[in-house]
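Subject: Structure handover

Hello,

Here is the structure I promised to pass on. Please open it first, then read my notes below.

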Amino acid sequence: MVRAKWKMVVSLILFMVSPGDGLFHAVYRSILVSQSFKGNAGQPLFLSPYIKNGKIKEGQRKSMVSPFPGMNDKSYAGYITVNQTYNSNLFFWFFPARMQPEDAPVVLWLQGGPGGSSMFGLFVEHGPYIITSNMTVVARDFPWTFTLSMLYIDNPVGTGFSFTDHFQGYATSEDDVAQDLYSALIQFFTLFPEYAKNDFYVTGESYAGKYVPALAHYIHSLNPVQKFKIRLKGIAIGDAYTDPESIIGGYAAFLYEIGLLDEQQQKYFQKQCSKCVKYIKEQEWMKAFEILDKLLDGDVTTGSSFFQNVTGCTNYYNILQCTEPKEQSYFAKFLTLPQVRQAIHVGNQNFSDGAEVEKHLREDTVKSVKPWLSEIMNYYKKRYENVFSFPSSGRSSHLPKKCMGSITKGSPDRVTLLCEIRASASRSYRWLQPSLHIALE
């Protein structure tokens, strides 16, 4: 009964709106974690030497995080070295489940971006803590850590507290991302062998719609030939940016349907999106990226994006909020506090906003991982939903009804593909991406 509940929880919790993710991650750029603070922040804790030398108990003890005032969650944090040549290190924060941690699934959470810290997911979305404006730690009412052992990793290398000493240490493809994460996971389960027997899920949102299939496919490919096998049971992705070619073509109609573009603006937007898709088909990756950047994000273009110019908004994740809510950035100041840095074992290490990570992944932003996802779906029973959600406007019949139909392979009883147009009477949210929901059955 408990195991059935876990499956239900994992399948449902990702059906949500994610602010500031995917290629469109301006919210992370506003999250600035300063290194200008007073006090003793301690030293970064590198756990790979303990793992390599078999000092498992000592590594566990050193990585334990002292509970924050009023909190009693057990957790562990530190760095795992994934490339010694370039001194590339991934930062993790692990929370064993409150209920039956010895049997609870281990769930890896990866933020999008590229370059978005998973501390956003921890503090803003579903972790055990919420940070208030006065830097008080408040317990979340229903964190995922009730029934799931949550592993938050700042990914890829160079994101958040994760870092590298060399430009070649940055990922330039999803293969690089998968290899680094796999190395981190093997070391993690060596450090915490009591969780190695538990079911394992790879989850994330938006741009992690690339990370998750890449890692899952990598695990799936290596498990048959490796002595230690990660007990991968499935994946779950929210509003996945998995196959840009299938997604970008629907942006103009979507923005028009929710009233953010007029007819003239829609025509221009559609023309640019079609040109972007054309470049993707021709594998002109940088040309495709530049068009998308000028339309939506404005990261590398001079001035504001087309979206910002015509709407006046920098936030495209909530139709009622033109700018990002202030409470989404409170945790950034919290992470500057020396006692916090000392507790999570990062010392004075810089916290990156992800700009360098995105620079190395620019070509990757318009590439697809659809073949990997397709193969994973053939081996793991699940349901795949690609949902467009929009405020009711009376024009819904014009919305594109084509989903990623080509992704389905195998017999119908193994994969269910749903594409639905759903009007939202609340007008609370709008999504620039289809929301991908994979239910683990």
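This is a predicted model: local features need pLDDT of at least 70, side-chain atom pairs count only at pLDDT 80 or more; totals for chains, interfaces and linings use all residues.

A residue counts as buried when its relative accessible area is under 20%. By that cut-off Lys-370 is buried, and Asp-243 is buried too. Their side chains form a salt bridge, with N and O 3.9 Å apart. The pair links distant parts of the chain. Lys-370 belongs to helix H16 (residues 370-379). Asp-243 sits in the loop between E8 and helix H8 (244-248).

The overall picture

The chain has 441 residues, and 58% of them are buried. Its secondary structure comes to 16 helices and eleven strands. Take the contacts with a separation of 6 or more: 77% of them are between residues 24 or more positions apart. The accessible surface is about 18000 Å². Carbon and sulfur atoms hold 50% of that surface.

The sheet

Six strands make up an open sheet. Their order is E1-E2-E6-E3-E7-E8, and the pairing is mixed. Strand E1 (76-83) and strand E8 (232-238) are the edges, each pairing on one side only. From one strand to the next, the twist averages 25 degrees.

As background, strands of a sheet pair through backbone hydrogen bonds, either parallel or antiparallel.

Look at E7 (residues 200-205) next. E7 runs parallel to E8, and six bridges join them. E7 is also parallel to strand E3 (residues 106-110), with five bridges between them.

How many residues of E7 are buried? Six of the six are, so E7 is largely enclosed by the rest of the structure. Both of its faces are covered. Phe-200, Val-202 and Gly-204 are buried on one side. Tyr-201, Thr-203 and Glu-205 are buried on the other.

Helices H6 and H7

Helix H6 covers residues 174-191, and helix H7 covers 208-222. At 1.5 Å a residue, the 18 residues of H6 should span 26 Å. The end C-alpha atoms of H6 are 25 Å apart, which agrees. The 15 residues of H7 should span 21 Å, and its end C-alpha atoms are 21 Å apart, which also agrees.

H7 is mostly covered, with 13 of its 15 residues buried. H6 has buried residues as well, including Val-177, Leu-181, Tyr-182, Leu-185, Phe-188 and Phe-189.

Salt bridges

A search of the whole structure finds six salt bridges. The Lys-370 and Asp-243 pair above is one of these. Here are two others.

Asp-199 and Arg-231 meet through their side chains, at 3.2 Å from N to O. Asp-199 lies in the loop between H6 and E7, and Arg-231 in the loop between H7 and E8, so the pair ties together parts that are 32 residues apart in sequence. Which of the two is buried, and which is partly exposed? Asp-199 is buried, because its relative accessible area is 11%, under the 20% cut-off. Arg-231 is partly exposed, with a relative accessible area of 36%.

Glu-356 and Lys-359 form the other, and their closest N and O atoms are 3.0 Å apart. Both residues are in helix H15 (residues 355-360). They are three residues apart, so about one helical turn separates them. In general, an α-helix has 3.6 residues a turn, so residues three or four places apart point the same way. Glu-356 counts as partly exposed at 29% relative accessibility. Lys-359 is partly exposed as well, at 41%.

A loop residue

Last, find Gln-43. Gln-43 lies in the loop between helix H2 (26-29) and helix H3 (48-52). Is Gln-43 buried or exposed? Gln-43 is exposed, because its relative accessible area is 66%, and exposed means over 50%. Leaving out residues up to four places away in sequence, Gln-43 touches His-345 and Gly-347. Gln-43 and His-345 are 302 residues apart in sequence. In space, their C-alpha atoms are 6.4 Å apart.

Best wishes

Key
Residues are numbered from 1 along each chain as its sequence is written. Side-chain values use heavy atoms; hydrogens and water are left out. Two strands pair if DSSP finds at least two bridges between them. Helices (H or I, at least four residues) and strands (E, at least two) are DSSP runs, numbered from the N terminus. Axes are lines fitted to C-alpha atoms, for helices over the stretch in contact, and angles run from 0 to 180 degrees between N-to-C directions. Buried means under 20% relative accessible area, exposed over 50%, partly exposed in between (1.4 Å probe, protein chains only). Contact means heavy atoms within 4.5 Å. Accessible areas come from the Shrake-Rupley method with a 1.4 Å probe; for residues, only the protein chains shown count as cover. A salt bridge is a side-chain nitrogen of Lys or Arg within 4 Å of a carboxyl oxygen of Asp or Glu. The expected span of a helix is 1.5 Å times one less than its number of residues.
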